[in-house]
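Please read them with the coordinates open.

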Amino acid sequence: MVSIEKHVLVAPEELGLETRAEFRRAAIELVEGMSSGAGSLVIDLSATRAVDSAGLSAIIMVQRRAAAHNIAVSLRGLSEELRFLFVLTKLEGLFEIEEDHST
């Protein structure tokens, strides 16, 4: 399930083919509700355990939609595996990566 808090989009446990449509709908709703240049949108991936190519595509779509509105996108709560996936696919440069300071 995808949930929205103030400028925070919480991704589902598995972001892929079956969940991307709901994720994209929630993201578009959130971005369209923000004023152009109104800070940043955070995608919270702390509960996300798996992202496939459809999920990556959905995240990129969110970034592009936000960029069109001059809104930066940050990724929060990346596991080591997800962080590696973004580095491996050379997508880490599209996003601000929030560091985990809880340890």
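1. Which side chain meets Glu32 in a salt bridge? The partner is Arg65, with N and O 3.1 Å apart. A salt bridge here is a side-chain nitrogen of Lys or Arg within 4 Å of a carboxyl oxygen of Asp or Glu. The pair links distant parts of the chain, since Glu32 belongs to helix H1 (residues 20-33) and Arg65 to helix H2, 33 residues apart. Helices are DSSP runs of H or I with at least four residues, strands are runs of E with at least two, and both are numbered from the N terminus.

2. A word on the basis of these notes. The model is predicted: local features need pLDDT of at least 70, side-chain atom pairs count only at pLDDT 80 or more, and totals for chains, interfaces and linings use all residues. Residues are numbered from 1 along each chain as its sequence is written, and side-chain values use heavy atoms, with hydrogens and water left out.

3. On the exposure of that pair: Glu32 has a relative accessibility of 44% and therefore counts as partly exposed. Arg65, at 31%, is partly exposed as well. The classes are buried for under 20% relative accessible area, exposed for over 50%, and partly exposed in between (1.4 Å probe, protein chains only). Areas come from the Shrake-Rupley method.

4. How many salt bridges does the structure hold? There are two. Besides the pair in point 1, Arg76 forms a salt bridge with Glu98, and their closest N and O atoms are 2.9 Å apart. This pair also links distant parts of the chain: Arg76 is in strand S6 (residues 72-76), Glu98 is in the segment after strand S7 (96-97), and 22 residues separate them. Arg76 is partly exposed at 30% relative accessible area, and Glu98 is partly exposed at 29%.

5. A patch of negative charge on the surface is formed by Glu13, Glu14, Glu18 and Asp52. Patches take residues with over 30% relative accessible area and no salt bridge; like charges are joined within 9 Å, and nonpolar side chains (Val, Leu, Ile, Met, Phe, Trp, Tyr) within 5 Å. Lys and Arg count as positive, Asp and Glu as negative, while His and the chain ends are not counted. Each charge is placed at NZ of Lys, CZ of Arg, CG of Asp or CD of Glu.

6. Glu18 sits in the loop between strand S3 (14-15) and H1 and is exposed, with a relative accessible area of 82%. Its C-alpha atom is 9.2 Å from that of Gly55, and the two residues are 37 apart along the chain. Asp52 lies in the loop between strand S5 (50-51) and helix H2 (53-68), and at 35% relative accessible area Asp52 is partly exposed.

7. Ala50, in strand S5, is partly exposed at 34%. Glu81 of helix H3 is 31 residues from Ala50 in sequence and 8.8 Å away, C-alpha to C-alpha. Glu81 is exposed, at 60% relative accessible area.

8. Where is Val42, and is it buried or exposed? Val42 is in strand S4 (residues 40-44), and its 7% relative accessibility makes it buried. The C-alpha atoms of Val42 and His7 are 6.2 Å apart, and the residues are 35 apart along the chain.

9. The count of aromatic pairs comes to one. Why is this pair edge-to-face? The ring centres of Phe86 and Phe95 are 5.7 Å apart and the planes stand at 85 degrees, so the pair falls in that class. Rings of Phe, Tyr and Trp (its six-membered ring) pair if their centres lie within 6.5 Å; planes under 30 degrees apart count as stacked, over 60 as edge-to-face and the rest as tilted. Both Phe86 and Phe95 are buried.

10. Backbone angles to check: Asn70 has a positive phi of about 55 degrees although it is not a glycine. Asn70 lies in the loop between H2 and S6 and is exposed, at 57%. Lys90, likewise not a glycine, has a positive phi near 60 degrees. Lys90 is in the loop between helix H3 (80-88) and S7, and is exposed with a relative accessible area of 71%.

Technical notes
Accessible areas come from the Shrake-Rupley method with a 1.4 Å probe; for residues, only the protein chains shown count as cover.
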